[in-house]
Amino acid sequence: MKIVKKGKRLFSAILVGMLILGSCVVPKTETAASETLLNTYGKTMGRFGNCVTLAQLQDPATLSHIKSQYNSITLENEMKPDALLGRQPSLFHQDTAKSQGYYVPSSMNETYVPKINFDTIDKVLKICYENGLGVRAHTLIWHSQTPDWFFRVGYSTNYGYVSEAQMNNRMEYYIKTVMNHVYTSKYGSVVYAWDVVNEYLHATPSGWSYIYGNCGNKPAFVKRAFQYAHDCISYFKLTDKVSLLYNDFNTYMEVNDIITMIRYINAEKKICNGVGMQSHLGTAFPSVSYYTDALRAFVNAGFEVQITELDVTNKSDADQASYLYNLMKNVLSIKKAGGNITGLTWWGIADYVTWIKGEKPLLFSYLNVPKSSYYNVLQAYRDSGLGSSDTNYETLPDGWYYIKNINAQKYLQVKDNVGGNGVNVEIGTGSGVKGQKWYLSNQGNGYVTLKNGNGYMLDIQYGAKEDGTNVQTYSANGADAQKFKIMKTSTANVYGIVTKVTGDKKSLDVYNFGTHDGANVCQWTYYGNTCQKWIFEPCWN
């Protein structure tokens, strides 16, 4: 977020004694050459990303760097309201808007409505889709970088502000049009999270406050924004695939207010998944323990958490490296204990493009030039018991198993209990038929094959890597599409089943958290959700 975060070092003199620092700088030689942010944190967090611009994505060298370390991007400024609406309004007739796929609420009585410029979004979605990158959509509602004309009568700064009812319509128009455009796109599946509302608790006067007033920590218009966003993902059947988040800075100083507000938003129904913790940190403040306490509080409140906009100002490379080692150790400890932390996003590719002038707050100095902090972050991963020194997959004995889904309490099976190529795989009530029995055979390096009782292998259709790829049975051919890894979870004897064709990034998933007999099994990015967790029950053929 390109806005100066005031107050983050306000109490540094008081809290300096809380700092968890030490001589934890790890020399480059201690980091395994094969380790990257992508195959460590990307595997554990599900999403590990960085903020970018369209121009950076279009640059081959920068895109290559991004793909080597990250599996997610956030647009720094180009998905904010002023980028989509423009500094000056471009209006067209309501009927024309509808004909072009815009969502116009039935109660919206304005003849003319603003155009939304999707050119950059469309280019970004296509690049990310073609390069295996997810997208955090940032942001829909924000007091800053939203043109003042959007709040005015006739969309003109020559007139006063509209009524609450009229602004409700405009907000619904904007949110649903933007989200509908994304999810009707061929490439929209890459968008896995939205910052629906940004920085409400730290808002300066804007059109939102002039129209809705001071709403405290129970803002009706914020709740309404989440309802509109939830309407969209419900319509597209994405409620279990897409996260809707409240994003803010200094969240470690506003824990109780944020918890109160999200509980208010979710009072009738869960429409906000949790918190985006902007993390523009400094080694002087907040201390690692102070930040960790806030993260733990959000997790304990039952919220999903994504760490967003991470950078760390510092006195030196060694100072930053020490701080980040301790920070990542704590974050990973909470994640390993079952905390619902589903992503982490750095705010800048390298120091030479940071938004914080005169500082060096990132992991790289330049493209592919890592700093001590980079190696310390990887060391923290290994020391958390998640690295190569600690096998994070399970080796089960060769033999026959029933494989039961945790969420549905039903078993992996082939449709209609038949053998053959291209037979669909689904879940069903336990019956003991051959179609529910699977022979596990270890293949080395943690990979296994799973042969059904009818004599055919579990197989990822066409060996494709995309989310939603169907799972089937097929004759044994030794391909990676028939190799899987049994991943440990925080619960004993409960596992994820990841696919070799995706480099262990995606797993067997019961589509849309289905629990009925015949619910389809597909491949989806591995988050460790209950629909992706399985129990292996030994059996006899």
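Two strands pair if DSSP finds at least two bridges between them. Helices (H or I, at least four residues) and strands (E, at least two) are DSSP runs, numbered from the N terminus.

This is a predicted model: local features need pLDDT of at least 70, side-chain atom pairs count only at pLDDT 80 or more, and totals for chains, interfaces and linings use all residues. Residues are numbered from 1 along each chain as its sequence is written, and side-chain values use heavy atoms, leaving out hydrogens and water.

**Exercise 1.** Find the strands that pair with β1 (residues 48–52).

*Solution.*
- Step 1. Take β2 (residues 72–75): β1 pairs with β2 in the parallel sense, over 4 bridges. Here Val-52 stands opposite Leu-75.
- Step 2. Take β10 (residues 341–346): the pairing with β1 is also parallel, over 3 bridges. Phe-48 has Leu-344 as its bridge partner.

**Exercise 2.** Decide whether the faces of β1 are covered.

*Solution.*
- Step 1. In a regular strand, side chains alternate between the two faces of the sheet.
- Step 2. Phe-48, Asn-50 and Val-52 lie on one side, Gly-49 and Cys-51 on the other.
- Step 3. Each of these is buried (under 20% relative accessible area, 1.4 Å probe, protein chains only). Both faces are covered.

**Exercise 3.** Describe how α12 (residues 288–300) and α13 (residues 317–336) pack.

*Solution.*
- Step 1. The angle is about 20 degrees, and the axes are 10 Å apart. Axes are lines fitted to C-alpha atoms over the stretch in contact, and angles run from 0 to 180 degrees between N-to-C directions.
- Step 2. α12 and α13 are therefore roughly parallel (angles under 35 degrees).
- Step 3. Contact (heavy atoms within 4.5 Å) involves residues including Leu-295 of α12 and Leu-327 of α13.

Notes: Buried < 20%, exposed > 50% of the residue type's maximum accessible area, 1.4 Å probe, protein only. Parallel < 35°, antiparallel > 145°, perpendicular 65-115°, else oblique.
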